[in-house]
Amino acid sequence: MMIRSLITSLLLTFFLGFSSSTLWAQEATPDGKALFKANCASCHNKDMKNKLTGPALGGTEERWADYPKEDLYEWIRNSQKMISDGHPKAKELWAEWAPTVMTAFPNLTDADIDAILCYINGVYTGEGPCAPPPSITSNDVAGGGAADSGTSPAMMLLLFGVLAVFAVVLARIVSNLNHMTAVQAGVEAPPRQSLVELLTSKPVIGFVIFAAVILGGYTTVNNAIDMGRQQNYAPEQPIKFSHETHAGIHQIDCNYCHDGARRSKHATIPAVNTCMNCHTAVKVGSEYGTEELTKIYASAGWDPNTGQYIENYEDMPADTAKAIFAKWIDETYRAENDGKKESAITREVNRQVEGVLPFINQPIVWERIHNLPDHAYFNHAQHVTAGEVECQDCHGKVEEMEVVVQYSPLSMGWCINCHRETAVQFEGNDYYTKSYQQYHKDLQSGNVDKITVEDIGGLECQKCHY
């Protein structure tokens, strides 16, 4: 029993020590760039010099130089509390940026904030990435100086192996000592365990099962939390569609193409007929010429040579349809590239024709970018029409994106923070004026400064997980 207790204690001590040292190593070096992208990039310009939804962040520490560093930490974690408390710098910033509310980040540690500020300063000054301040470790507390800021996976594996060997050696020593003690006491000595018997003993097997359950549960929970969360995801689409060209240069309203956002749960991906509203007239793309537009024509069944939809397109033989679009590509490409060698023109025309073939009489299958888990309910119309939320608040400045990426984390915490801090736009909003008359009266009388989404039930679990 003594052996088993010692072995179990050794293994548990080793496991807990290894786990804590791993977590310590992971937390020792916050990534300022990653933290900035996850928490700040949705509102602040990444060049740190120009304003966006929020102010330019370059020089933040200098602007707060008259106050303790802790005040800047508190501002970043909960700006509204500092404004309510009457902090001079907080009131100054609020006077300039009201009613834009800064998101609270209560989970950011001092080390996280220092890493973000370090990254901001590096971008702002052009000096590039800077090393975060050394983390406080047990050596620092004991007066031993700054420790290394992180541990490599190879070092952790080496440590794991050394400790495992150490645990086995100690177990064998304990087994031998117990045997010798029993012999000296004149009692029947228990048989000495071989290495195989030791490794297949109940304490070791129990520990392995315990460790597997803990690590398996940790991995499962992390994967569940990350489900559907793929920030910065930018898949390759079947057609090279540029939002920068359409929403930016030509200033096409988001709701023109994604018309479902105003009236339904889903924003909807526009049907090819929506594209044809413009591209029956605009036949040559500004960047890709005829190459990508011809894929749309092939899907819609529209003959760009005649400017008419093709009759009985669904029953048309593939070779006949191919000839129509090959003629268009050949004539247009030759006109755009007059002077090129015949062989080069032929190769490029054949390449474009081959690219069009999969779209003939077929729908365009776009790759989905934003995908909430099935257990989370989100209604676009509720936010766009009733809440008057701008598309860019969640999707970023899509009008500046050549390739659209998932801009926001779409995490539960991100949604909750938005509901806690976003003021309901009662002014000129008939929906909220009629539905929440008492709140409207409170605002008019000055009894309250603002009504947030939280105040009207935006944090009730059933709203999103009914």
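Reply: Happy to! Leaving aside neighbours within four places in sequence, Y313 is in contact (heavy atoms within 4.5 Å) with A298, G301, A321, F325, I360 and N361. This is a predicted model, in which local features need pLDDT of at least 70 and side-chain atom pairs count only at pLDDT 80 or more, while totals for chains, interfaces and linings use all residues. Residues are numbered from 1 along each chain as its sequence is written, and side-chain values use heavy atoms, with hydrogens and water left out.

Y313 belongs to the largest nonpolar core, which has 25 residues. Such a core is a set of buried Ala, Val, Leu, Ile, Met, Phe, Trp, Tyr and Cys residues joined through side-chain atoms within 4.5 Å; buried means under 20% relative accessible area, exposed over 50%, and partly exposed in between, with a 1.4 Å probe and protein chains only. Together with Y313, the residues with the most contacts inside this core are I296, Y297, A298, F325 and I360. Helices α14, α15, α16 (318–336) and α17 (342–356) each supply at least two residues of it, and α16 gives the most, with six. Helices (H or I, at least four residues) and strands (E, at least two) are DSSP runs, numbered from the N terminus. Apart from this core lies another, of 22 residues, which includes M48, Y73, F105 and I120.

Now for the rings. A search of the whole structure finds four aromatic pairs. One of these is F36 with Y119, a tilted pair at 5.5 Å centre to centre with 50° between the planes. Rings of Phe, Tyr and Trp (its six-membered ring) pair if their centres lie within 6.5 Å; planes under 30 degrees apart count as stacked, over 60 as edge-to-face and the rest as tilted. F36 sits in helix α2 (residues 32–39) and Y119 in helix α7 (residues 110–125), so the pair links parts of the chain 83 residues apart. Both F36 and Y119 are buried. Y297 and W302 are both buried. W64, Y67 and W75 form one aromatic cluster.

W75 leads us to helix α4 (residues 69–77), whose buried residues are D71, L72, Y73, W75 and I76. Their cover includes α3 (60–63), α5 (79–85), α6 (88–97) and α7. The axes of α4 and α7 are 11 Å apart and meet at an angle of about 95°; axes are lines fitted to C-alpha atoms, for helices over the stretch in contact, and angles run from 0 to 180 degrees between N-to-C directions. That makes α4 roughly perpendicular to α7, on a scale where under 35 degrees is roughly parallel, over 145 roughly antiparallel, 65 to 115 roughly perpendicular and the rest oblique. On the α4 side, K69, L72, Y73, I76 and R77 make the contact, and on the α7 side, D110, I113, D114 and L117. By class, this contact has five nonpolar, no polar and four charged residues. Here Ala, Val, Leu, Ile, Met, Phe, Trp, Tyr, Cys and Pro count as nonpolar, Asp, Glu, Lys and Arg as charged, and the others, Gly among them, as polar.

Helix α7 also packs with α2, at an angle of about 95° and with the axes 8 Å apart; α2 and α7 are therefore roughly perpendicular. G32, K33, L35 and F36 of α2 meet D112, A115, I116, Y119 and I120 of α7. This contact has six nonpolar, one polar and two charged residues.

Two residues of the loop between α14 (272–279) and α15 (291–300) are also worth a look. T290, in this loop, is buried, with a relative accessible area of 1%. Not counting residues up to four places away in sequence, T290 touches K283, V284, W328, T332, E336 and Q352. G285 is found in this loop too, but is partly exposed at 24%. G285 lies 40 residues from T245 in sequence and 9.9 Å from it in space, C-alpha to C-alpha.

As for the whole, the protein has 23 helices and two strands, and buried residues make up 32% of its 466 residues.
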